[in-house]
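Subject: Structure for your review

Dear colleague,

Please find the structure below, followed by some notes on what was found in it. I would be glad if you could read the notes with the coordinates open beside them.

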Amino acid sequence: MKKLTTIFLVAAGVAEGQDAVMGVSALEETIVTGKAQDVIGEVTTSTQGQANNEELSQRPFLRRGELLEVVPGVIITQHAGGGKANQYFVRGYNLDHGTDFHIGVDGMPGNYRTHAHGQGYADLNFIVPEFVERLDYFKGPFFAEYGDLSTAGGADYTLIP
């Protein structure tokens, strides 16, 4: 109980502007940043979003596919070693190597129609993360314009010209 009382007294002293209460000095200013765009009224569903180059460049990457982890609910892994596309999970569903998740790069589809690993195979290893200007994403089966490889959602990369 003594520790809780001490913390409360220190917090109360700092809140009142007393910088030297019990040896505690004022804290430095902390800047918190969030999404740069306001998409209210612009997107048709709450499962759409965008990540810009600044947001993407602040994330550490082991594999190129991890660029997609800015999309809420998306997890990227690599099973059984490298040399092939990543394994994608969206909202807990296993999409294998991209089946049912649309990938677009500057307006061109990134999913293979046919592949030994299965229809919809999406290998993102050709993308250089530093060249991505923007990543627009959507989740769910609400976007028929992307075709049969987008049942779980998708992402469109825009590269820096």
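Arg63 forms a salt bridge with Glu66, with 3.1 Å between the closest N and O atoms, where a salt bridge is a side-chain nitrogen of Lys or Arg within 4 Å of a carboxyl oxygen of Asp or Glu. Arg63 is partly exposed, with a relative accessible area of 22%, whereas Glu66 is buried at 11%; buried means under 20% relative accessible area, exposed over 50%, and partly exposed in between, computed with a 1.4 Å probe on protein chains only. The structure holds two salt bridges, and Asp136 forms one with Arg134, the closest N and O atoms being 2.9 Å apart. Both of these residues count as partly exposed, Asp136 with a relative accessible area of 22% and Arg134 with 28%. Side chains of opposite charge can pair when their charged atoms come close.

Before going further, please note that this is a predicted model, in which local features need pLDDT of at least 70 and side-chain atom pairs count only at pLDDT 80 or more, while totals for chains, interfaces and linings use all residues. Residues are numbered from 1 along each chain as its sequence is written, and side-chain values use heavy atoms, with hydrogens and water left out.

On confidence, pLDDT is the predictor's confidence in each residue, from 0 to 100. The protein chain averages a pLDDT of 78, and 76% of the residues score at least 70. Confidence is lowest in helix H1 (residues 2-15), at a mean of 47, and highest in S8, at 93; helices (H or I, at least four residues) and strands (E, at least two) are DSSP runs, numbered from the N terminus. Over residues 1-12 the pLDDT stays under 50, and for this stretch the model has four contacts beyond four places in sequence, a contact meaning heavy atoms within 4.5 Å.

Turning to the sheets, five strands form an open sheet of mixed pairing in the order S1-S7-S8-S5-S6, two strands being counted as paired if DSSP finds at least two bridges between them. Its edge strands are S1 (48-52) and S6 (108-109), each of which pairs on one side only. Strand S5 (residues 101-105) and strand S8 (residues 153-159) pair in the parallel sense over five bridges, and His102 stands opposite Gly154 in S8. S5 and S6, by contrast, pair in the antiparallel sense over two bridges, with Pro109 in S6 as the bridge partner of Gly104. In the hairpin of these two strands, which has two residues between them, Asp106 takes a positive phi near 50°.

How many of the residues of S5 are buried? Five of the five are, so S5 is largely enclosed by the rest of the structure. Phe101, Ile103 and Val105 point one way from this strand, while His102 and Gly104 point the other way.

A further three strands form an open sheet in the order S2-S3-S4, with antiparallel pairing. Strand S2 (74-77) and strand S4 (93-94) stand at its edges with a single partner strand each, so one side of each is left without a neighbour in the sheet. Strand S3 (residues 87-90) and S4 pair over two bridges, and Val90 stands opposite Tyr93 in S4.

The largest nonpolar core has 23 residues, of which Leu68, Leu135 and Tyr157 touch the most other members; such a core is a set of buried Ala, Val, Leu, Ile, Met, Phe, Trp, Tyr and Cys residues joined through side-chain atoms within 4.5 Å. The elements that give two or more residues to this core are S2, S3, S5, strand S7 (132-139) and S8. Leaving aside neighbours within four places in sequence, the contacts of Leu68 include Val74, Tyr88, Ile103, Leu135 and Tyr157.

Finally, at the end of S8 and beyond, Thr158 is found in strand S8 and is buried, with a relative accessible area of 18%. Among its contacts outside four places in sequence are Asp106, Arg134 and Asp136. Ile160, in the segment after S8, counts as partly exposed at 43% relative accessibility. Ile160 and Phe131 are 29 residues apart in sequence and 5.4 Å apart in space, C-alpha to C-alpha.

With kind regards
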